[in-house]
Amino acid sequence: MYIDKLEKSMYDLICETSTNLPKDVRRAVTAARAKEDAGTRAAMSLDTIAKNINMADDKLSPICQDTGLPTFKIKTPVGVNQLEIKAAIKRAMVQATKDGKLRPNSVDSLTGENSGTNLGLGLPVVKFDQWEQDHIEVRLILKGGGCENKNIQYSLPAELEGLGRAGRDLDGIRKCILHSVYQAQGQGCSAGFIGVGIGGDRASGYELAKEQLFREVGDLNPNEELAGLEAYVLESANQLGIGTMGFGGEVTLLGCKIGVMDRIPASFFVSVAYNCWAYRRMAVDIDAVTGEVQNWHYNEGEKLSFHENEPEVESAQTTRTVELTAPISEEQIRDLQVGDVVKISGRMYTGRDAIHKYLSENDSPVDLDGQIIYHCGPVVMKNEDGSYEIKAAGPTTSIREEPYQGDIMKKFGVRAVIGKGGMGPKTLEALKEHGGVYLNAIGGAAQYYADCIKEVEGVDLLQFGIPEAMWHLRVEGFTAVVTMDSHGNSLHADVDKSSLEKLSQFKEKVFS
């Protein structure tokens, strides 16, 4: 009986973490919305995020399609069987994946094969500590790849772009943290949260940084110096103008938490764990005798819903809205400008890392002339009749496809690419030469975009696994913003340049 109840407790924790954003995070998003002017791209993005949070909660479906690499931190009383807990977690993981609460994300690092169960060598990550309490505490964080890839570690002293030299002192630490926010831009689904680890070695420093992400958004650091640094970073980072999704705006950072540990004299690391707005972490207290949940953490206060007085998702009045249906002509693409809002209906094809590598070396399984590629690894359920249903389908970070994208667009005649965070100079040049456009969807808004997908019309290259396959989707009213056009303009490059200039104002020493 204990084992069954323990497994159910783990399953409930996984599902709740994936589908229900904690109250402290909801409050942070609400505060961010209040700071942005109505009608701006930032406000439009935050409105979409708010809708997505509610949709995930209502449908009990993943907030973001990238449910990350699940990491469990567990404290047990002395004498509790940790092997039983780990086995219960694995069974719960398999069931949650089968039920569409988690995307199958476990991939063999050597062969690229997806297990389809979220289990694999070393996965999920489960770490135990003992304590003298009489209950079990289980904490879980689902941290997606987009924000995980923007983690960064500094070795002091260091020279930092825009900030100059960062020394081995509190002021050098300050510079590293601000630089970590700048370098993330919109690729980590800003506005985001950061956990910072000062000291340790390379491994323990990152571990400490990630540990900070389990803290409450509104807590106060017991270390007075670090409390002051946290407040300073939060205020200063929001002066960089990066904004939600990197579109520009007043809110770039929603939270900063800093921890410290000793180090050896030769090393001085500042490690930063970046987390997107879809800040999915939960914790439960479990009865060590029955295996049942006793208490949920991050649950204090009134639950914030965005349903009441929720504004419609609209662009600024000065922004054009253009409706497109594939196949798209070069003339239609050349007419688009950075800042335009595009509403897409008709067909689009998903394509992530495996698809781009495949297309660079092989013919396409479908005619892509005039078509749209969506950088997306959806959560997909197979129905009893053999049809497929999309459960979550937000964009993935596009910059990973930079080595391939321009060549693939020209090779196959692709006219539009949808993703998040923008792409680099090679793709921008190809857009200009070929007549293509990059469309930025709202990162993490997996339910909002899944609602736009009316049918799965087919799938190719399923051997790469569900997230990496090429899904043929029929969509209606799929909304995204033109951030790179065929005239050589890039909103991402512009925001990067302006935020670097603003970063330089923090070059002078602040902390002694």
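Cys189 is placed in the loop between helix H6 and strand S7, where helices (H or I, at least four residues) and strands (E, at least two) are DSSP runs numbered from the N terminus. The structure is a predicted model, in which local features need pLDDT of at least 70 and side-chain atom pairs count only at pLDDT 80 or more, while totals for chains, interfaces and linings use all residues. Residues are numbered from 1 along each chain as its sequence is written, and side-chain values use heavy atoms, with hydrogens and water left out. Although Cys189 is not a glycine, its phi is positive, at about 60 degrees. Cys189 has a relative accessible area of 3% and is therefore buried; buried means under 20% relative accessible area, exposed over 50%, and partly exposed in between (1.4 Å probe, protein chains only). Ala191 is also placed in the loop between helix H6 (170–184) and S7. The peptide bond from Ser190 to Ala191 is cis, with omega near 5 degrees.

Met245 is another residue that is not a glycine but has a positive phi, here about 65 degrees. Its place is in the loop between helix H8 (224–237) and S8. Met245 counts as buried because its relative accessibility is 0%. A cis peptide bond also joins Ala326 and Pro327, with omega about 5 degrees. Pro327 is found in the loop between strand S12 (321–325) and helix H9 (330–334).

Strand S7 belongs to an open sheet of four strands with the order S4-S9-S7-S8 and mixed pairing. Two strands pair if DSSP finds at least two bridges between them. The edges are formed by strand S4 (152–155) and strand S8 (253–260); each has a single partner strand, so one side of each is left without a neighbour in the sheet. The twist from one strand to the next averages 15 degrees; axes are lines fitted to C-alpha atoms, for helices over the stretch in contact, and angles run from 0 to 180 degrees between N-to-C directions. Strand S7 (residues 192–198) and strand S9 (residues 269–275) run antiparallel and are joined by six bridges. In this pairing, Ile194 stands opposite Tyr274 in S9.

An open sheet of five strands, also with mixed pairing, has the order S2-S1-S3-S10-S11. Strand S2 (125–131) and strand S11 (293–296) stand at its edges with a single partner strand each, so one side of each has no neighbour in the sheet. With direction ignored, neighbouring strands of this sheet are turned by 20 degrees against each other on average. Strand S1 (residues 71–77) is joined by five bridges to strand S3 (residues 135–142), and the two run antiparallel. Thr71 stands opposite Ile141 in S3. Helix H7 (residues 202–212) packs on the sheet and touches S1, S2 and S3, contact meaning heavy atoms within 4.5 Å. The direction of H7 makes about 85 degrees with that of S1.

Ile14 lies in helix H1 (residues 2–19). Its relative accessibility is 1%, so Ile14 counts as buried. Not counting residues up to four places away in sequence, Ile14 touches Phe72, Ala92, Met93, Ala96, Leu102 and Leu140. Ile14 and Ala96 are 82 residues apart along the chain, and their C-alpha atoms are separated by 7.2 Å.

Strand S17 (residues 416–419) is covered on both faces, with Ala416 and Ile418 on one side and Val417 and Gly419 on the other all buried. S17 runs parallel to strand S14 (residues 372–374), to which three bridges join it. Ile373 stands opposite Val417 in S17. Four bridges join S17 to strand S18 (residues 437–440), again in parallel. Here Ile418 stands opposite Leu439 in S18.

The largest pocket has a volume of about 820 Å³. On a 1 Å grid over the protein atoms alone, a pocket is an open set of points with protein on both sides within 12 Å along at least five of seven lines, whereas a cavity is a set of points where a 1.4 Å probe fits but cannot get out; lining residues have an atom within 4 Å of a point. Grid points are joined across faces, edges and corners, and a volume is the space filled by probe spheres set on the points. The largest pocket is lined by 35 residues, of which Leu69, Asn105, Ser106, Val107 and Leu123 lie nearest its centre. Helix H5 (residues 145–148) gives the largest share of this lining, three residues. The lining divides into nine nonpolar, 15 polar and 11 charged residues; Ala, Val, Leu, Ile, Met, Phe, Trp, Tyr, Cys and Pro count as nonpolar, Asp, Glu, Lys and Arg as charged, and the others, Gly among them, as polar.
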